[in-house]
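I opened a new notebook page for this structure.

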Protein chains: 2
Amino acid sequence: MTTLAQARVAMKHGAGGRSMRKLIERVFLAGATGVAADMDDGAAIRVGDQWLIVTTDSHVIQPIVFPGGDIGRLSVAGTVNDLAMMGATEPLGLTCGIVLEEGFAIDDLERIQASIRATCADAATSIVAGDTKVMRRGEVDGVVINTSGVALTRRVVRDRGLQPGDAVIVTGTVGDHGMAVMAVRHEFQFGESLTSDVAPLNGLIRAALAAGGDGITAMKDPTRGGVASALHEMADKAGVSILLREEAIPVRATVRAAAELLGIDPLFIANEGKALIGVRPGQAEGVLTALHMHPLGRDAAVIGTCLAESPGSIVLDTGFGQRLLSEPDGELLPRIC
Amino acid sequence: MTTLAQARVAMKHGAGGRSMRKLIERVFLAGATGVAADMDDGAAIRVGDQWLIVTTDSHVIQPIVFPGGDIGRLSVAGTVNDLAMMGATEPLGLTCGIVLEEGFAIDDLERIQASIRATCADAATSIVAGDTKVMRRGEVDGVVINTSGVALTRRVVRDRGLQPGDAVIVTGTVGDHGMAVMAVRHEFQFGESLTSDVAPLNGLIRAALAAGGDGITAMKDPTRGGVASALHEMADKAGVSILLREEAIPVRATVRAAAELLGIDPLFIANEGKALIGVRPGQAEGVLTALHMHPLGRDAAVIGTCLAESPGSIVLDTGFGQRLLSEPDGELLPRIC
């Protein structure tokens, strides 16, 4: 029997799935209470009559430049999106801690920095504090970037808020980021290039919140482990099941083709510019309309409904029948974000 | 001629000194304005009638366990201290982003986590949000920890606030952290063991602020590059010079002996549990008394005075004469914090 004391960290412990959650619960949350124990996209701290949302993410993506983005854009978007998923769409600012490998080209660093700045401009925020460390050659692979973010909000949206009857909306096509990184890493050849969806979503989420108000019950961005992993976590925490209509799930033709070729379900592939939104049935149409009017929400769709029975399960209606969607143990690919 | 475009990151770019500041100014602050351009220990953002202080630090220390502490204690103390140096002594919470190497022992991770929790308890704060990433074997050396912190304060203390006439106080002995890490890394043999001073200083700083009030004009923790580097930065930014009395600078006998053996000035060695405090002359005695009453401030001493002439220079009065203290290009040792 392998005890935890003899155990070692494996790739799956950073993959965003069940193994990671178990590691976090066992090691980091042992005895923890309060905000950290929520394991949401960030923490909510009461400040006066508002909530201060605080999030953090380290970015280890490889390669650091990929179709549609780079580690700089990813770092800013990832943190802006974690804030937005908690209902905080106006970041007060981000921090940026960069760990560099000795020998890293300074012009690459300048390109990353330009990308960080451009993405901050997209999201109407800025880097307010930073830190730089250098490790010797061979001690770290290129660059690792941590971004943390802070924002105030009057209402916190949790990833655990789904209720029976809620519509589940995805704000656009699924699997774009992971498939783009997979393609460039393995030098796949496809007719049309695959492109990451990496983007800051705070503007889109602001539009959704303006339309849906309190009718928006839960939000989560389906990053590592894709839509399948995020929905499992949302359903588990809320004690509901989700019935998904497969035909309603938007997938780019190129992503679908590549995924079929590789035998991978697009629902299991990472996204970096999409959100899952739970909405009370009466507000779903209004939220969907608002999303469609935003450039990042044109392909938004209602993909499922929450049910009270079989809490925690995700049922996929394929059009020919129904099957349970398994919970992936995180992301298929290491260093996807 | 080497242009920056052809240049590569060197160890000195992460060493906390002049090269690092130049890199940051050239790459990260190109065109930047506002809070980030201050290059202080953290950013100050107006929230209602208070300031939200936000800081970030990545920790790459090697070895991860050293006499007096470990990477967990260092990560928490480093961020608590950056907040405290800005005048914010009651952290609302910290974030913790951990990057692990595949194969890292989970019991080591549990030890780090226990140390993080204990140090948070020392500082009356907690980790409110986290992130875990895993890189493949050989892609990162063991573990890298980023901690960011948030705190509110009504008054921000800057590292640039020194005025002619101010007393400069150091809160205790200098060089302890760097010398302890150096000793364990190079397996020095000394009669008495060298121990890091790593500690959260927010309680000590709270006592100093209570005693000194608006009389406290500037604070900085002398980490990478030691007291010499921190004083140079403070003097540069404030446009003052500092006259130091060498005999007043507290140095442990063991640190002094080891430093002499190695031909290193303790003023150039990193500290992780000390602060430099600028105080108006009228309040210096009161602040010193308050520091002496705190367990972490028993060896506090007035070590110098700020002067208007020769802005930016640090003059060391050795008792036999005066000499200029050079500005180190950061830390002597890589991965000291």
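I began with a term: two strands pair if DSSP finds at least two bridges between them. Helices (H or I, at least four residues) and strands (E, at least two) are DSSP runs, numbered from the N terminus.

I noted the ground rules next. This is a predicted model, in which local features need pLDDT of at least 70, side-chain atom pairs count only at pLDDT 80 or more, and totals for chains, interfaces and linings use all residues. Residues are numbered from 1 along each chain as its sequence is written, while chains are lettered from A and ligands numbered from 1 in the order in which they are written.

**Entry 1: a strand in chain A**

I looked up E8(A) and its partners. Four bridges join E8(A) to strand E12 (residues 301-307) of chain A, and the two run antiparallel. Within that pairing, A:Ala167 stands opposite A:Thr305. E8(A) is also joined by four bridges to strand E11 (residues 276-279) of chain A, again antiparallel. There I found A:Ile277 as the bridge partner of A:Ile169.

Then I checked the side chains. A residue is buried if 20 or more other C-beta atoms lie within 10 Å of its own, exposed if 12 or fewer, and partly exposed in between, with C-beta atoms placed from the backbone. From strand E8 (residues 167-170), A:Ala167 and A:Ile169 point one way and A:Val168 and A:Val170 the other way. All four are buried.

**Entry 2: the core**

I asked which residues touch the most other members of the largest nonpolar core. A nonpolar core here is a set of buried Ala, Val, Leu, Ile, Met, Phe, Trp, Tyr and Cys residues joined through C-beta atoms within 7 Å. The largest has 225 residues, and A:Ile169 and B:Ile169 touch the most other members.

Two residues are in contact if their C-beta atoms, placed from the backbone, lie within 7 Å. Leaving aside neighbours within four places in sequence, the contacts of B:Ile169 include B:Ile277, B:Val279, B:Leu288 and B:Val302. In soluble globular proteins, nonpolar side chains tend to be buried together.

**Entry 3: chain B, piece by piece**

I turned to strand E9 (residues 216-220) of chain B. Five of its five residues are buried, so the strand is largely enclosed by the rest of the structure. Four bridges join E9(B) to strand E11 (residues 276-279) of chain B, and these run antiparallel. B:Met219 has B:Ile277 as its bridge partner in E11(B).

Helix H4 (residues 176-185) of chain B is mostly covered, with eight of its 10 residues buried. Among them are B:Asp176, B:His177 and B:Met179. The buried residues of H4(B) pack against strand E3 (65-66), helix H6 (226-238) and helix H7 (253-262) of chain B. After H4(B) comes B:Glu187, whose phi is positive, near 55°.

I found B:Gly286 in helix H8 (residues 281-292) of chain B. It has 16 C-beta neighbours inside 10 Å, so B:Gly286 counts as partly exposed. B:Gly212 is 74 residues away along the chain, yet the C-alpha atoms of B:Gly286 and B:Gly212 are separated by 6.7 Å.

**Entry 4: chain A as a whole**

I counted eight helices and 14 strands in chain A. The radius of gyration (taken over C-alpha atoms) is 19 Å, close to the 20 Å that the globule rule (2.2 Å times the number of residues to the power 0.38) gives for 337 residues, so chain A is as compact as a globular protein of that length. Of its 337 residues, 60% count as buried.

**Entry 5: where the chains meet**

I compared the two copies. A rotation of 180° with 0.0 Å of shift along its axis superposes chain A on chain B, at RMSD 0.0 Å, by least squares on the C-alpha atoms of residues with pLDDT of at least 70 in both. That is the relation of a two-fold axis. In chain A, the C-alpha nearest the axis belongs to A:Val140, 2.1 Å from it.
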